[in-house]
Amino acid sequence: MKKTIGALMAATALTAAGAAQADDKVTLQLKWVTQAQFAGYYVAKDKGFYKDVGLDVTIKPGGPDVAPEQVLAGGGADVVVDWMPAALATREKGVAMVNIAQPFKRSGLELTCRADTGVKAPADLKNRTLGVWFYGNEYPFLNWMGKLGLKTDGSPGGVKVLKQAFNVDPLLQKQADCISTMTYNEYWQVIDAGYKPEQLVVFKYEDQGVATLEDGLYAMEDKLKDPAFVDKMGRFVKASMKGWAWARENSDAAAKIVLDNDATGAQTEHHQQQMMSEINKLTVGTDGRLDPADYKRTVATLLTGGSDPVISKEPSGAFTDAVMDKAMAK
């Protein structure tokens, strides 16, 4: 009888210990499909960096029909990857998204034009057809056109906006003079399709003074009132930034990890390695803490979008240092 009681007590103790040591679950919603743009998170999961800080992380790929803002608001994720223009516009509409970390220091957004169109400078965009991504990605473009004084309704003297799918077909098929590209993705798709760099004219948003912050990490404001959630997010950010550092030091290996997680089989090793080398240029030089100057520049850019600014007033409470403070303290 004593042995039975002792065995039961031991089993109960083991069960309690196991429960106490169970990893905290975190769901991350990506802004787009599985690719090197999100390598830091896949590396952190693959290399056990999340496990090391007591986290069980589920990474949900995005896609053309997935809006991170809606997923976050609906409780489908604890944290999402999103661009700040979309996040701030969503916040102003009543969805209290908060930036908790900013792994991407620089913007990769650009407008790529065929050189044979005669476009050489931003002023030459007048009366042109331009491919633009929507679903929240249009905000930096609209702001830029506003600063240039170019209407986007197709009227004479402005620009005609072609709602661009997430591909480069409008340029290749000459349906548009210029299209939206990222330094790490679509630009190289154009090159791989047969264009040479000298056949293209590229306007980087960074160079035009209208760059806004991309690929930040966002959580809901009400959840951040819970110290346990802030602690969990601190651990998540710490491990994620370790993943990004590893990706910069092991670029090709990081691309391979991304490929291993691509359930669609649509990605190629060549393209992911290419993408990884460009992504590393955007994440270098930051520990994940949002730079106040970068934030202010983004807000100022979004407020000055001509007659139709992205946001109508300066946000309040749109970012927090609490998570980064936890991440850096551990």
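Trainee: Which residues does Leu 28 touch, not counting residues up to four places away in sequence?
Mentor: Leu 28 touches Tyr 41, Thr 58, Ile 59, Lys 60, Val 79, Val 80, Val 81, Leu 217 and Phe 236, once residues up to four places away in sequence are set aside. Keep in mind that this is a predicted model. For a contact, heavy atoms have to lie within 4.5 Å.

Trainee: What makes Leu 28 count as buried?
Mentor: Buried means under 20% relative accessible area. Leu 28 has 0% relative accessibility, so it counts as buried. You will find Leu 28 in strand β1, residues 24–29.

Trainee: How far apart are the C-alpha atoms of Leu 28 and Met 276?
Mentor: A distance of 20 Å separates those two C-alpha atoms, and along the chain Leu 28 and Met 276 are 248 residues apart.

Trainee: Why is helix α2 called mostly covered?
Mentor: In α2, which spans residues 39–46, six of the eight residues are buried. They are Ala 39, Gly 40, Tyr 41, Tyr 42, Val 43 and Ala 44. After α2 comes Gly 48, with a positive phi near 80°. Tyr 41 also belongs to one aromatic cluster, together with Tyr 50, Phe 104, Phe 236 and Trp 244.

Trainee: How many aromatic pairs does the count come to?
Mentor: The count comes to ten aromatic pairs. One of them is Tyr 295 with Phe 319.

Trainee: Why is the aromatic pair of Tyr 295 and Phe 319 called tilted?
Mentor: Two rings pair if their centres lie within 6.5 Å, and here the distance is 4.6 Å centre to centre. Planes under 30 degrees apart would count as stacked and over 60 as edge-to-face. The angle between the planes is 55°, so this pair is tilted.

Trainee: What does the pair of Tyr 295 and Phe 319 tie together?
Mentor: Tyr 295 lies in helix α12 (residues 292–303) and Phe 319 in the loop between α12 and α13 (322–329), so the pair ties together parts that are 24 residues apart in sequence.

Trainee: How do you know whether Tyr 295 is buried or exposed?
Mentor: Its relative accessible area is 7%. The limit for buried is under 20%, so Tyr 295 is buried. Phe 319 has 31% relative accessibility, which falls between 20% and 50%, so it counts as partly exposed.

Trainee: What about Asn 127, is that residue buried or exposed?
Mentor: Exposed means over 50%, and Asn 127 has a relative accessible area of 52%, so it is exposed. Asn 127 is in the loop between β5 (109–114) and β6 (129–132). Its phi is near 65°, a positive value in a residue other than glycine.

Trainee: And what is the phi of Asp 215?
Mentor: Asp 215 has a phi near 50°, again positive in a residue other than glycine. Asp 215 sits in the loop between β9 (200–204) and β10 (216–220). With 1% relative accessibility set against the limit of under 20%, Asp 215 counts as buried.

Trainee: What makes Gln 267 and Gln 272 a polar contact?
Mentor: Such a contact needs a pair of N or O atoms within 3.5 Å. The side chains of Gln 267 and Gln 272 are joined at 2.9 Å, so the distance is inside that limit. Gln 267 lies in the loop between α10 (251–260) and α11 (269–283). Its relative accessibility of 17% is under 20%, so Gln 267 counts as buried.

Trainee: What is the volume of the largest pocket?
Mentor: The volume is about 260 Å³. Of the 19 residues lining the largest pocket, Lys 31, Trp 32, Trp 83, Asn 137 and Phe 166 are the closest to its centre. The lining has eleven nonpolar, five polar and three charged residues.

Trainee: Which residues line the largest cavity?
Mentor: Leu 109, Val 132, Trp 133, Asn 137, Phe 141, Ser 180 and Tyr 205 do. The space in the largest cavity is about 40 Å³. A cavity is a place where the probe fits but cannot get out, whereas a pocket is open.

Trainee: How does the lining of the largest cavity divide by class?
Mentor: Five residues are nonpolar, two are polar and none is charged.

Terms used:
Residues numbered from 1 in each chain as written. Predicted model: local features only at pLDDT ≥ 70, side-chain atom pairs only at ≥ 80, totals over all residues. Heavy atoms only, no water. Helix = DSSP H or I, 4+ residues; strand = E, 2+ residues; numbered from the N terminus. Buried < 20%, exposed > 50% of the residue type's maximum accessible area, 1.4 Å probe, protein only. 1 Å grid on protein atoms, 1.4 Å probe; cavity = no way out; pocket = protein on both sides within 12 Å on 5 of 7 lines; lining within 4 Å. Points joined across faces, edges and corners; volume = space filled by probe spheres on them. Nonpolar A, V, L, I, M, F, W, Y, C, P; charged D, E, K, R; others polar. Polar contact = N/O pair within 3.5 Å; in protein donor to acceptor, adjacent residues only side chain to side chain. Phe/Tyr/Trp six-rings, centres within 6.5 Å; stacked < 30°, edge-to-face > 60°.
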